[in-house]
Amino acid sequence: MTTETRHSKTMLVIIAEAVIEKSLIQDALELGTHGWTVSEVHGGSLEGVRDGAWEADRTIELKLICDTAVADTIADHVLETYTPHYSVAMYLSEVRVLRPERF
Amino acid sequence: MIDVVVLFFILGVFARLVGSDLRLPEALYETLSIYLLLAIGLKGGLELSRQPLLELAPQALAALALGFIIPLLLYPVLRLLRLGTADAAALGAHYGSVSVVTFAVAITALSKAGIAYESHAALWVALMEAPGIVAGILLARRAERSATATDSKTPRAGWWSLSHEVLFGKSVLLLIGGLVIGAIAGDKGIAPIQSVFIDPFKGVLALFLLELGLVAGARLAEVRRFGLTVVLVGLAAPPVLACLGAFTGVMLGLSTGGVAIFATLAASASYIAAPTAMRIAVPQANAALSITAALAVTFPFNLLFGIPLYIALAKAVT
């Protein structure tokens, strides 16, 4: 397999309170992403520590791989809608995928 | 003499305060909480199978009403304490809803003291989980509507998704599920699983309280951050609400144990169902404030002092 079969996409990673997982995924799907991966994480920020000790303290990491424009739209939407009230961290990175139609 | 399960809670708090690396695996926490909810439900269901359901209607209605009224009563008081509308509504919802573990400790304390109580009390717990949350959301939304500058960017969870969250969330689903299974299976049906679901109950509760001690211990530092308001609310609300609960229990003609349980349920604050629901429905409220009051102040207070107090109160009024 040659490197020509690799395709550029953008990965948006959203680390957020677990309570908004469902609505984040719903919004992301509506805004054009095709798939998602969620894992439970714990950590801290300037706002404090979330060590995931019980239900109300859980944090998720949501990974979305999609076209750059879609990733940007989702990131802007999350920034505008969720960050005023919820604990959210986000970052974007360029990734290369093998089967672009999946994303 | 402090009940042995409470000592486990104290051990958890101590471990956190001294910075121990003790941490229960999350999967175990999840398993223990599922076990406790199911076991409490099953125990209550057994009793339901023995009596006509219609006779329970007044108790069911009273439990629903009590849960709904508590946030409405607390809201103006919390506003007087200079809490914002969203915070007052959210905190009220936590107290309107109930703590299943506080209930579990109360029934073990009653059993230990040899005081009889209505065995279907788990039904009250299941019914009191949601109304307080609904009242809290209504209060927050009403305040938001009347505010001149509304934040249009606040994500608005619909009632459908919220009721789905509350009614089909783990706590209510397992409690009601256990109640129904217990009621259908009856004593004979439960007998083969008794050694798993009924007998080890107290041991599992002890282990769960160790974990809750760790969680509450971690929250203690937050108490200082919120200052006197949280301590005042967390300590003063439970005994006052317990009187309301006890009064309701007496009006319903419950046994001494039943009155103590109603008082305990009214006095307890939710730290599982309510935080999640309020975080979704009223995101502008400070979640740490409510959780700190419910888990770091009220929960330990009820465990150590409240429950014996409510049992004494029930004895005095019945």
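Predicted model: local features only at pLDDT ≥ 70, side-chain atom pairs only at ≥ 80, totals over all residues.
Along the principal axes, the C-alpha atoms of chain A occupy a box of roughly 45 × 25 × 20 Å. Of its 103 residues, 25% count as buried. If one takes the contacts in chain A with a separation of 6 or more, 72% of them are between residues 24 or more positions apart.

The sheet of chain A can be followed strand by strand. It is an open sheet of 4 strands, arranged in the order 2-5-1-6 with antiparallel pairing. Its edges are formed by strand 2, residues 37-41, and by strand 6, residues 88-97, each of which pairs on one side only. From one strand to the next, the twist averages 20°.

Helix 2 of chain A, residues 68-81, lies across strand 1, strand 5 (59-66) and strand 6 of chain A, and its direction makes an angle of about 15° with strand 1 of chain A.

The next step is the contact between the two chains. On the chain A side, 14 residues take part, and they are in contact with 17 residues of chain B. Sorted by class, the side of chain A that touches chain B comprises 7 nonpolar, 4 polar and 3 charged residues.

Within chain B, two helix pairs can be described in some detail. Two packed helices are described by the angle between their axes and the distance between the axes. In the pair made by helix 6 (residues 121-128) and helix 13 (residues 256-267) of chain B, the axes come within 11 Å and cross at roughly 20°. Because angles under 35 degrees count as roughly parallel, helix 6 of chain B is roughly parallel to helix 13 of chain B. The crossing of helix 6 of chain B with helix 13 of chain B is right-handed. Helix 6 of chain B contributes Ala121(B), Trp124(B), Val125(B) and Met128(B), which meet Gly258(B), Ile261(B) and Leu265(B) of helix 13 of chain B. The residues of this contact divide into 6 nonpolar, 1 polar and no charged.

The other pair is formed by helix 7 (residues 131-146) and helix 14 (residues 273-281) of chain B, which pack at an angle of about 25° with their axes 10 Å apart. These two helices of chain B are therefore roughly parallel to each other, and helix 7 of chain B passes helix 14 of chain B in a right-handed crossing. From helix 7 of chain B come Ile133(B), Gly136(B) and Ile137(B), which meet Ala273(B), Ala274(B), Ala277(B), Met278(B) and Ala281(B) in helix 14 of chain B. By class, the residues of this contact are 7 nonpolar, 1 polar and no charged.

Helix 7 of chain B also holds Leu138(B), which counts as partly exposed because it has 16 C-beta neighbours inside 10 Å. In sequence Leu138(B) and Ile272(B) are 134 residues apart, while in space their C-alpha atoms are 20 Å apart.

Arg82(B) is placed in the loop between helix 3 (57-80) and helix 4 (85-96) of chain B. Phi of Arg82(B) is near 70°, a positive value in a residue other than glycine. Arg82(B) counts as exposed, because it has 9 C-beta neighbours inside 10 Å.

Key:
Residues numbered from 1 in each chain as written. Chains lettered and ligands numbered in written order. Contact = placed C-beta atoms within 7 Å. Nonpolar A, V, L, I, M, F, W, Y, C, P; charged D, E, K, R; others polar. Pairing = 2+ DSSP bridges. Axes fitted to C-alpha atoms, helices over the stretch in contact; angles between N-to-C directions. Buried ≥ 20, exposed ≤ 12 C-beta atoms within 10 Å, placed from the backbone. Parallel < 35°, antiparallel > 145°, perpendicular 65-115°, else oblique. Left-handed = near helix turned anticlockwise from the far one by under 90°.
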